[in-house]
Amino acid sequence: GYRIKDYMIYNKLLKHWQKKPKREKRTGWKIAKRVFIDVRPLLYSHPTNIGHFECDFIVSKRWDNTVVMTLIDKFSRLKVAVKLSSRDSIEVFETLEDIIYKYNILSLTFDNDNGFALHHKLWIPTFFCHTYSSREKGQVEKGNRWYRIFFPEWTLLSQVSQEEIDKTSEILNNIPMKCLLYQTSNEVWRQEMKKHKQKIIVASEA
């Protein structure tokens, strides 16, 4: 009856997800000069100020190469998402250059996706999780689950505009969070940016 049918559907889905790690074994082999998080300074892993981000991809269906590159600030939980035509390392690198400048990013932590192969050309410290250890960048993984509420796995990301993605980021960045004492990511980010600017003014007057 329907119970057997449900079991077969569930079993098929389970086998599908179990196969994923086998495909992931190919990732990382093109990435040179990786520094793993074992040697990441405590200031970067448990920051006391904004600017230390984790980075990842949200992928579309297999026949759609479009991805959304997501970043999250470890201190304020500010979420940033940018649509890319593919995980091509050059496109990823050029996009990261702009984001680093715009958000004054101080360090980045990645997984071992080959899209991050040009990380060493960025002018900031970069770190990598160990293979099959996505929990080592748990904040961006959780952020991706939030984005998936708006863009489920069956979504064709090529049909999603950057404007829609920006609106989603704005919604997520305005949700009060317990870890931020019920402030929003936007509020904490603005407070810290204000402090940073005040420090620059004081330093320039000294």
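In the predicted model, Trp 146, Ile 149, Phe 150 and Ile 171 form a nonpolar patch on the surface, with about 390 Å² of accessible area together. Patches consist of residues with over 30% relative accessible area and no salt bridge, like charges being joined within 9 Å and nonpolar side chains (Val, Leu, Ile, Met, Phe, Trp, Tyr) within 5 Å. Trp 146 is found in helix α4 and counts as partly exposed because its relative accessibility is 34%. The terms are set as follows: buried is under 20% relative accessible area, exposed is over 50%, and partly exposed is in between (1.4 Å probe, protein chains only).

Because the model is predicted, local features need pLDDT of at least 70 and side-chain atom pairs count only at pLDDT 80 or more, while totals for chains, interfaces and linings use all residues. Residues are numbered from 1 along each chain as its sequence is written, and side-chain values use heavy atoms, with hydrogens and water left out.

The secondary structure of the chain comes to six helices and five strands, in the order α-α-β-β-β-α-β-β-α-α-α along the sequence. Helices (H or I, at least four residues) and strands (E, at least two) are DSSP runs numbered from the N terminus. Of the 206 residues in the chain, 41% are buried.

The structure holds seven salt bridges, a salt bridge being a side-chain nitrogen of Lys or Arg within 4 Å of a carboxyl oxygen of Asp or Glu. One of them joins the side chains of Glu 54 and Lys 74, at 3.1 Å from N to O. Glu 54 lies in strand β1 (residues 52-59) and Lys 74 in the loop between β2 (67-73) and β3, so the pair ties together parts that are 20 residues apart in sequence. Glu 54 counts as buried at 1% relative accessibility, and Lys 74 counts as buried at 9%.

A salt bridge is also formed by Glu 141 and Lys 137, whose closest N and O atoms are 2.4 Å apart. Lys 137 counts as buried, with a relative accessibility of 1%. In helix α6, Lys 195 and Glu 192 lie three residues apart, about one turn of the helix, and their side chains meet in a salt bridge of 3.4 Å, N to O. Lys 195 counts as partly exposed at 44% relative accessibility, whereas Glu 192 counts as buried at 14%.

Two or more lining residues come from each of the elements β3 (79-84), α3 (89-103), α5 (162-172) and α6 (185-205). By class, the lining has seven nonpolar, four polar and five charged residues. Ala, Val, Leu, Ile, Met, Phe, Trp, Tyr, Cys and Pro count as nonpolar, Asp, Glu, Lys and Arg as charged, and the others, Gly among them, as polar.

Phi of Asn 104 is near 50°, a positive value in a residue other than glycine. Asn 104 is found in the loop between α3 and β4 (107-110) and is partly exposed, with a relative accessible area of 39%. Leu 181, in the loop between α5 and α6, likewise has a positive phi, near 55°, in a residue other than glycine. Leu 181 counts as exposed at 71% relative accessibility. Ala 32 is found in the loop between α1 (2-24) and α2 (42-45) and counts as partly exposed at 38% relative accessibility. Ala 32 and Ala 117 are 85 residues apart in sequence and 6.8 Å apart in space, C-alpha to C-alpha.

Technical notes: Accessible areas come from the Shrake-Rupley method with a 1.4 Å probe; for residues, only the protein chains shown count as cover.
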